[in-house]
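I opened this notebook to record what I looked up in one protein structure. Each entry takes up one topic.

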Amino acid sequence: MATKLAGTLILLVVFVGVAFAAAYLFFYRGTYAGPPSAQVEYRSPGVASANDGTQWTPSVGERAGGLVLLDTLHSNGFSSREILTLRTRIVAQGYDLELLGNFARASESDRRAELAEKLRQADSLVVITPLVAYSAGEVDLIEAFVRKGGKLVMVSDPGRRDQMNTLAQRFGVQFRPDYLYNQVENDQNFQNIFVRDFRPDELTAGLDTVVLFTAGSITSSGPGLAVADAGTESAVAENNGDLYVMARAADRNVLAISDFTFMIPPYDSTLDNDRLLSNIIDFATTSDRVFDLADFPHFYQTGPDDGVQVLLGRPDLLGSGAKLKDGLEDYGISADIRGTEDVSRDTVFLGLHDDALQVRQYLQAAGVRVDDAVSMPFGLELDPDGTAVTVLDREGGRHVLILLGDTPAALDRAVTRLLSGGFRSDLVSEVTGVSVSAGASK
């Protein structure tokens, strides 16, 4: 009886299986498959992105054209794959691209210190969808950077709920809390809006039609550059005028864009999106940045083809010259000690107060006089005893740095402070600094 029952069960299982297979083959028409996504080979061992687990290594251009910083100090809401085109294009321009913070969590004071150090080196700062607010101290640093000719590119996105306005408002820019849509004409989705109205500008050159996929609107104290098409509406704001999606600030070195998706592969290749991205990269990699004394040593070029000549006011300062040469080379700046000046090269001059006549033209340009007294800008006058003076001259397309001390020992201490960064507390202007031993003030 048991054997018969088992045989019946086996036949039942076989019948059910055959019936299911027949029904599957009769009714099955295949699963839905969307359009194939762009496949981009991505190989880059290095620092792990906290956002998506992929590996990313800051890239270095074949020639040292400058440095673009990409902010990741503020839990920025993007992944390393999303900036693949941006990264590749910047490096192709001969610029270096460096992650500012490497997506690491940091306190406000640590963020501020990192920002201060890296901005001394940079030509441009790109900020994409920061999820952590900027402090007033951080914004002060970025504002000073822009005043010196640094470029700032702010890319917000209403789909990522960022804190960009904590930075943007200082520059007279407001990213509105909306998203734009168009139910009349769009790119297959009401939120994929067309932009065809561009104001004349280097950033809009060659543009006919751009598609933005998660755009918001911008108000700015500077000129608007791109206006959403007629029929485009804001989800939260009344349409009382043009809906700008890209604008400059009153300071033309500041650019604001309220969509990030158009930069991401494969959307960056849609219509004129590629040209818009190229224009933005051209903006970020064209620098009029001015470097102050506080930016030492980053006004000197790195690499074997560039170099700094170290001039000595007298032979017995060779030890200080060697220390400075080694310190510069620690930064990747080649240096050699010379006896005569080549006026086509960047220079550091080390001397005593008695050697001031050799560099008088540079001192006078900075408003400094060294003789029986040390006279500095703003009427500051000091006893030369125990005093060391630092002056930067940046005329004629070169940087000439001068260090003078009242004794070889004072000069050597000034070299040490220069290399350690301690000299920044001695600054009395953008191009002059003075360190004074106790009792030296007159």
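The entries below go from the whole chain to single residues.

**Entry 1: the model.** I noted that the model is predicted, that local features need pLDDT of at least 70 and side-chain atom pairs pLDDT 80 or more, while totals for chains, interfaces and linings use all residues. Residues are numbered from 1 along each chain as its sequence is written, and side-chain values use heavy atoms, with hydrogens and water left out.

**Entry 2: the whole chain.** I found nine helices and 24 strands in the protein chain; helices (H or I, at least four residues) and strands (E, at least two) are DSSP runs, numbered from the N terminus. The chain has 442 residues, and 49% of them count as buried. Buried means under 20% relative accessible area, exposed over 50%, and partly exposed in between (1.4 Å probe, protein chains only). I also looked up contacts, meaning heavy atoms within 4.5 Å. Of those between residues at least 6 apart in sequence, 72% join residues at least 24 apart.

**Entry 3: two helices.** How do α3 and α4 pack? Helix α3 (residues 108–119) and helix α4 (residues 136–147) have axes 9 Å apart, at an angle of about 10 degrees. The axes are lines fitted to C-alpha atoms over the stretch in contact, and angles run from 0 to 180 degrees between N-to-C directions. The angle makes α3 roughly parallel to α4, a term for angles under 35 degrees. From α3, I listed Glu108, Arg111, Arg112, Leu115, Ala116 and Leu119, which meet Gly137, Glu138, Leu141, Ile142 and Phe145 in α4. By class, this contact has six nonpolar, one polar and four charged residues. Ala, Val, Leu, Ile, Met, Phe, Trp, Tyr, Cys and Pro count as nonpolar, Asp, Glu, Lys and Arg as charged, and the others, Gly among them, as polar.

**Entry 4: leucine 125.** I located leucine 125 in strand β5 (residues 124–128). Leucine 125 counts as buried because its relative accessibility is 0%. Leaving aside neighbours within four places in sequence, its contacts include Leu119, Ile142 and Phe145. Aspartate 71 is also in contact with leucine 125; the two lie 54 residues apart along the chain, with their C-alpha atoms separated by 7.2 Å.

**Entry 5: threonine 209.** I found threonine 209 in the loop between β9 (193–198) and β10 (210–212). Is threonine 209 buried or exposed? Threonine 209 counts as buried, at 10% relative accessibility. Not counting residues up to four places away in sequence, threonine 209 touches Phe194, Val195, Arg196, Phe198, Leu271 and Asp272.

**Entry 6: backbone exceptions.** Most residues other than glycine have a negative phi, and most peptide bonds are trans.

- Phenylalanine 103 has a positive phi of about 65 degrees, lies in the loop between β4 (96–100) and α3, and counts as buried at 10% relative accessibility.
- Arginine 161 has a positive phi near 50 degrees, lies in the loop between β6 (151–155) and α5 (165–168), and is exposed, with a relative accessible area of 74%.
- The peptide bond from proline 265 to proline 266 is cis, with omega near 0 degrees; proline 266 is in the loop between β15 (254–257) and α6 (273–284).
- The peptide bond from phenylalanine 296 to proline 297 is cis, with omega near 0 degrees, and proline 297 is in the loop between α6 and β16 (303–312).

Key. Angles under 35 degrees count as roughly parallel, over 145 as roughly antiparallel, 65 to 115 as roughly perpendicular and the rest as oblique.
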